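Please look through the sequence and the model below before reading on. The paragraphs that follow walk through a few local features of the backbone and the side chains.

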Amino acid sequence: MFKKVLIANRGEIAVRIIRTLRKMNIKSVAVCSTADRDALHVKMADEHYCIGDPPPVSSYLNMQAIIKAAIDSGAEAVHPGYGFLAENPEFARKVQEAGLVFIGPDPFASETMGNKTRARKHVSEAGVPIVPGTEDIKSIHEAVEFAEKVGFPVIIKAASGGGGIGMKIVNRREDLESAIEEAQNRAKQAFGDATVYIEKYVSNPHHIEIQILADNYGNTIHIFERECSVQRRHQKVIEETPSPFIDINKVEEMGESAIRAARSVNYKNAGTIEFLVDDKKNHYFLEMNTRLQVEHPVTEMTTGIDLVEWQIRIAAGEKLNLSQPQIKREGHAIECRIYAEDPVRFYPSPGLIKKYSEPSGENIRVDSGVYEGFKVPMYYDPLLAKLIVWGKTRDEAIERMKYALDNFIIEGPKTNIPFLREMMEFPEFVEGRYDTHVIERFFQWKKSK
Ligand code: MV4
């Protein structure tokens, strides 16, 4: 096993990774920008290296500085967390070339999955259902032909995109040409690649994902699903497992698809396959996230599996000693993401945390990156903490979440806690009959009250 691991990240996920490193008796090395000298992950780590100025390009995206810190510290491996360089194949390659272990899949997997049309082709050839769609669009003629074949609405997506950035829904033939041009321009701006493709638009879908683990010896298992339909502007806000929308037979079917998708790129380590599920409960591959996800704790709370521990063990060459029938789950877990943001306008709200007190109690978990007196920098994602609760039933989990939200005190930055608390009373959420448009309907419900 490794003796020392560097965490190429910040905030709650860096703290989360350090916690498991400590449990495994592995020394932790933090990196930080000059805006994060007093950050919690720096205080928690056994040692730290300041790697650059506050803007991410100078620090948390600075591959050379991070790799130098890893070498100088004597770390044997690098855990990338999520975001920043986690899914960057060039970073994984550079880490490996420096003689270090990258705690994640080989660059081939992140490279293949990073290109959405390539990923679709790859998994579809392995027998995974995909939404009817085109390959990379080379002429407006191809686009028109496809849209007329499947019918409107269609959705234009960036081949180098993901996570909903640069998507455009088109309802009418006469809007298609200009929409493609606009999508190409945006894709070029956001990803440096103007390539787009078109899919049939699935209306009011569910966003459900499957967690997988794969070792270096051909063992690939799935660890059930997470329902992630509560999102706003493609930012997830609340996640839960089990999904109230699908039964265990459907989960097993999606689990099989997920394993096929992972195997198709010779996937190793922890990964997540995102699916759209339509009203008839057909599932379609959306994309694969080749990293640990923000919402991994709901899987941990219901299965008792420490996903970070398995990431490290797999990277160190251990065999998965868990077989599919051994993976059992119990009860229900819900995660609320606590953002430093204006709850009405959703603007980021950084600044000094004047008062901070976490809820505690049985079956309440808080994964936090902050503390009282910390000044939340303006340069990064405004996620302060994640609140995760477990209950024997979904109703019990919701009740516990209400209690926990009522006892989470954060003063200074504005937070979305009031929004989350109200959501726990929104009938559609409480009854578990929501889809990806639930937040829009929540605001209508509030207005009508
Ligand atoms: C779609 C879709 C409907 N049809 N693709 C959003 C995130 C990204 N991973 C893919 N996403 C979607 N892709 C097809 N063919 C619906 C979504 C989607 C969505 C779309 C518009 C507004 C909110 C949404 C929330 C979740 C998913």
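Does phenylalanine 224 count as buried or exposed? At 7% relative accessibility, phenylalanine 224 counts as buried, where buried means under 20% relative accessible area, exposed means over 50%, and partly exposed covers what lies in between, calculated with a 1.4 Å probe on protein chains only. This is a predicted model, in which local features need pLDDT of at least 70 and side-chain atom pairs count only at pLDDT 80 or more, while totals for chains, interfaces and linings use all residues. Residues are numbered from 1 along each chain as its sequence is written, and side-chain values use heavy atoms, with hydrogens and water left out.

Phenylalanine 224 belongs to strand β10, residues 220-232, and has a positive phi of about 65° although it is not a glycine. Helices (H or I, at least four residues) and strands (E, at least two) are DSSP runs, numbered from the N terminus. Arginine 233, in the loop between β10 and β11, likewise has a positive phi, of about 50°, without being a glycine; at 69% relative accessibility, however, arginine 233 counts as exposed.

Strand β10 also holds histidine 222, which is buried at 3% relative accessibility. The side chain of histidine 222 reaches the backbone nitrogen of phenylalanine 224 at 3.1 Å, and a polar contact of 3.2 Å joins the side chains of histidine 222 and glutamate 252. A polar contact is a pair of N or O atoms within 3.5 Å; within protein, one must be able to donate a hydrogen and the other to accept it, and residues adjacent in sequence count only if both atoms are side-chain atoms. Leaving aside residues up to four places away in sequence, histidine 222 touches several residues, among them Ile210, Ile212, Gly255 and Gln324, contact meaning heavy atoms within 4.5 Å.

The bond from phenylalanine 152 to proline 153 has omega near 0°, and proline 153 lies in the loop between α7 (140-150) and β6 (154-158). The bond from threonine 241 to proline 242 has omega near -5°, and proline 242 sits in the loop between β11 (235-241) and α9 (248-264).

What of the cysteines? A disulfide is a pair of cysteine sulfur atoms within 2.5 Å, and by this rule the count comes to zero. The sulfur of cysteine 50, a partly exposed residue with a relative accessible area of 34%, is 3.8 Å from the closest cysteine sulfur, in cysteine 32, and is therefore too far for a bond. Cysteine 336 is buried at 0% relative accessibility, and its sulfur is 13 Å from the closest cysteine sulfur, in cysteine 228, again too far for a bond.
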